Amino acid sequence: MADTIAAISTAPGEGGIGIVRVSGPESAGLMKRLMLSCPDEIEPRHAYLGKIVKDSSRSDAEIIDEGIFLYMKAPASYTGEDMLEIQGHGSNVSLKAILAAILDSGLPDVRMADPGEFTKLAFLNGKMDLSQAEAVIDIIKAKSDLSLEIAEGQRAGRLSENIKNIREELLDVLAEMAVDIDYPDEDYDDDSGAYGKIIDQLRWVHSDVEDLLDTVSIGRIAREGVRAVIAGKPNAGKSSLMNAILGEGRVIVTDVPGTTRDTVEESASLGGVPIVLVDTAGLRDSDDKVEKIGIERTTQAIAGADLVILVIDGSQALDDDDRKVLSYIGNMSTDHILVVINKEDLGRSVSEEAVLEKLPRVRIISTSLIGKGAIDAAKKVTEAIGEMLDLGSINARETNIVTNERHVHLLRKASVEIDEAISMLQNGEPIEVAELSAHYAYEALGKIIGEEVGEEILNTVFSKFCLGK
Ligand SMILES: Nc1nc2c(ncn2[C@@H]2O[C@H](COP(=O)(O)OP(=O)(O)OP(=O)(O)O)[C@@H](O)[C@H]2O)c(=O)[nH]1
Ligand SMILES: [Mg+2]
């Protein structure tokens, strides 16, 4: 018989309510043991209010808490097994006491759940496929509206459906290839050359896989956020800009050039899209030991940026330091550069033309980050970032966006194998080898939804879960 597993499912700490969850054949038995005056016939999905005790069979049963008992009968439950939820007050002490009462109940094979074990059971019992199970942890860990939207679509099975459709197309091609292997003499191909039709079909499948792979960069943004690095000469107003966007005095601002000596990271949301803002030490030639290290960190941050916001003090004509910074940024690989000509309130000594001369094709805005101007400036900058990265076009409600590293890896594998199958057929290699490649692609796609995955992969996937889910 299967084990009965139990865990505290709500987050540790104080809360209005807290939930202990149980799954397995002893669920009903545990309800009878822990609920004072529990009815003999328990109605599934009925909320019973009752006293929670260690052992209801004792006349002097000590009351731990009062709460709601909810019993769900297999297969109509999250895990597909019998389940019990005990909802008590959100106190660490009482929840631990309830869990201890379950584990010490003496009922057979009752044990503590492993992290993610409830969801693993749901997968093993066919309640959801693997990509849906993975979406459950993405929902729990979502840090922005966008990542939540993507995860919810995946949980609802939208990615799975997409993958299943691609696999079906591929299965059709595999069947045709098998016919060709079995009856090589039958010339049923059209005139477009041997295997013309099969090659066309494989191309369709390939482009479907590539469509999904095209979403990976947005997926990474949803997961990790856009990395926007604020760079520029000392005293240009970088930290002022960071504070303006965050709407708080997060970093120190002074009129001393070289105030910021280290990179400072902070997360924010741009219309639901996560963004990681990085304030940096001002770029200039320096002999100061600490400042030099800071500048080294600035250059590293710039190298890893999705977008660089270059802040220039517009009240003073460009000097050699400015020109150095402009050339430096101009040599970077990213085309996402936003130039902010700051200190507009002090008059304008830097023209857009002078900037464009060094940095053609960049977007330029001018700001004043002092006083009330800061709110306007922050708005201008965030709007420009949104437009530059085309964040408004992300439609996570209707399209699948691939965020999971495991899925990315498997999609890439499928793409490579299909590509290989196509070239083999084009080069007149035996169809058997091409079929093998197509078959590997089919397998790789299957692994996304959890077909043909081994215990090891399951363990890696579910070990990322928290206890009680
Ligand atoms: N007049 C005016 N002053 C500004 C503006 N933006 C920033 N300042 C001032 O310029 C000085 C430097 O601002 P910071 O934000 O610390 O500049 P920074 O680029 O972070 O400087 P470092 O950390 O030294 O590299 C401060 O005294 C700010 O108040 C602006 O738009 N107008
Ligand atoms: Mg600063």
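Modeller: Angles under 35 degrees count as roughly parallel, over 145 as roughly antiparallel, 65 to 115 as roughly perpendicular and the rest as oblique. The model is predicted: local features need pLDDT of at least 70 and side-chain atom pairs pLDDT 80 or more, while totals for chains, interfaces and linings use all residues. Residues are numbered from 1 along each chain as its sequence is written, and chains are lettered from A and ligands numbered from 1 in the order written.

Biologist: How are H14 and H15 oriented to each other?

Modeller: Helices (H or I, at least four residues) and strands (E, at least two) are DSSP runs numbered from the N terminus. The axes of H14 (residues 405-426) and H15 (residues 431-448) cross at roughly 165° and come within 8 Å; axes are lines fitted to C-alpha atoms, for helices over the stretch in contact, with angles from 0 to 180 degrees between N-to-C directions. H14 and H15 are therefore roughly antiparallel.

Biologist: Which residues of H15 make the contact with H14?

Modeller: Contact here requires C-beta atoms, placed from the backbone, within 7 Å. H14 contributes His407, Leu410, Lys413, Ala414, Glu417, Ile418, Glu420, Ala421, Met424 and Leu425. From H15 come Ile431, Val433, Ala434, Ser437, Ala438, Tyr440, Ala441, Ala444, Leu445, Lys447 and Ile448.

Biologist: How is H6 oriented to H15?

Modeller: The axes of H6 (residues 158-182) and H15 come within 10 Å, with a crossing angle of roughly 160°. That angle makes the pair H6 and H15 roughly antiparallel.

Biologist: Which residues of H6 meet H15?

Modeller: On the H15 side the residues include Ile431, Glu432, Ala434, Glu435, Ala438, His439 and Ala441. Tyr442, Leu445, Gly446 and Ile448 of H15 also take part. Their partners in H6 are Ile163, Ile166, Arg167, Leu170, Leu171, Val173, Leu174, Met177, Asp180 and Ile181.

Biologist: How many residues of H9 are buried?

Modeller: A residue is buried if 20 or more other C-beta atoms lie within 10 Å of its own, exposed if 12 or fewer, and partly exposed in between. In H9 (residues 238-246), Lys238, Ser239, Ser240, Leu241, Met242, Asn243, Ala244 and Ile245 are buried. H9 is largely enclosed by the rest of the structure, because its buried residues number 8 of 9.

Biologist: What do the buried residues of H9 pack against, and which residue just after H9 takes a positive phi?

Modeller: The packing partners are strands E7 (226-232), E8 (264-270), E9 (273-279), E10 (307-313) and E11, together with helix H13 (373-388). A positive phi of about 70° just after H9 belongs to Gly247.

Biologist: How many residues has the largest nonpolar core?

Modeller: Such a core is a set of buried Ala, Val, Leu, Ile, Met, Phe, Trp, Tyr and Cys residues joined through C-beta atoms within 7 Å. Leu241, Ile309, Leu310, Val340 and Ala438 have the most contacts inside the largest one. Beyond four places in sequence, Leu241 is in contact with Ile230, Ile309, Val311, Val340, Leu369 and Val381. The residue count of this core is 120.

Biologist: Is Lys343 buried or exposed?

Modeller: Lys343 sits in the loop between strand E11 (337-342) and helix H12 (352-358). Its phi is positive, near 65°, although Lys343 is not glycine. Having 25 C-beta neighbours inside 10 Å, Lys343 is buried.

Biologist: Is Ser37 buried or exposed?

Modeller: Ser37, in the loop between helix H1 (27-34) and strand E3 (47-53), has a positive phi of about 55°. There are 9 C-beta neighbours inside 10 Å, so Ser37 is exposed.

Biologist: Which peptide bond is cis?

Modeller: Pro75 lies in the loop between strand E4 (63-72) and strand E5 (83-90). With omega near 0°, the cis bond runs from Ala74 to Pro75.

Biologist: What separates the C-alpha atoms of Ile8 and Leu95?

Modeller: Ile8 lies in strand E1 (residues 4-8) and is buried, with 22 other C-beta atoms within 10 Å. Apart from residues up to four places away in sequence, Ile8 touches Gly18, Val20, Leu95, Leu99 and Gly468. Ile8 and Leu95 are 87 residues apart along the chain, and their C-alpha separation is 6.9 Å.

Biologist: How far apart in space are Gln154 and Gly446?

Modeller: Gln154, in helix H5 (residues 145-155), is buried with 27 C-beta neighbours inside 10 Å. Sequence neighbours up to four places away aside, Gln154 touches Ser131, Gln132, Ala135, Asp138 and Leu159. Gln154 and Gly446 are 292 residues apart in sequence, and their C-alpha to C-alpha distance is 16 Å.

Key
Two residues are in contact if their C-beta atoms, placed from the backbone, lie within 7 Å.
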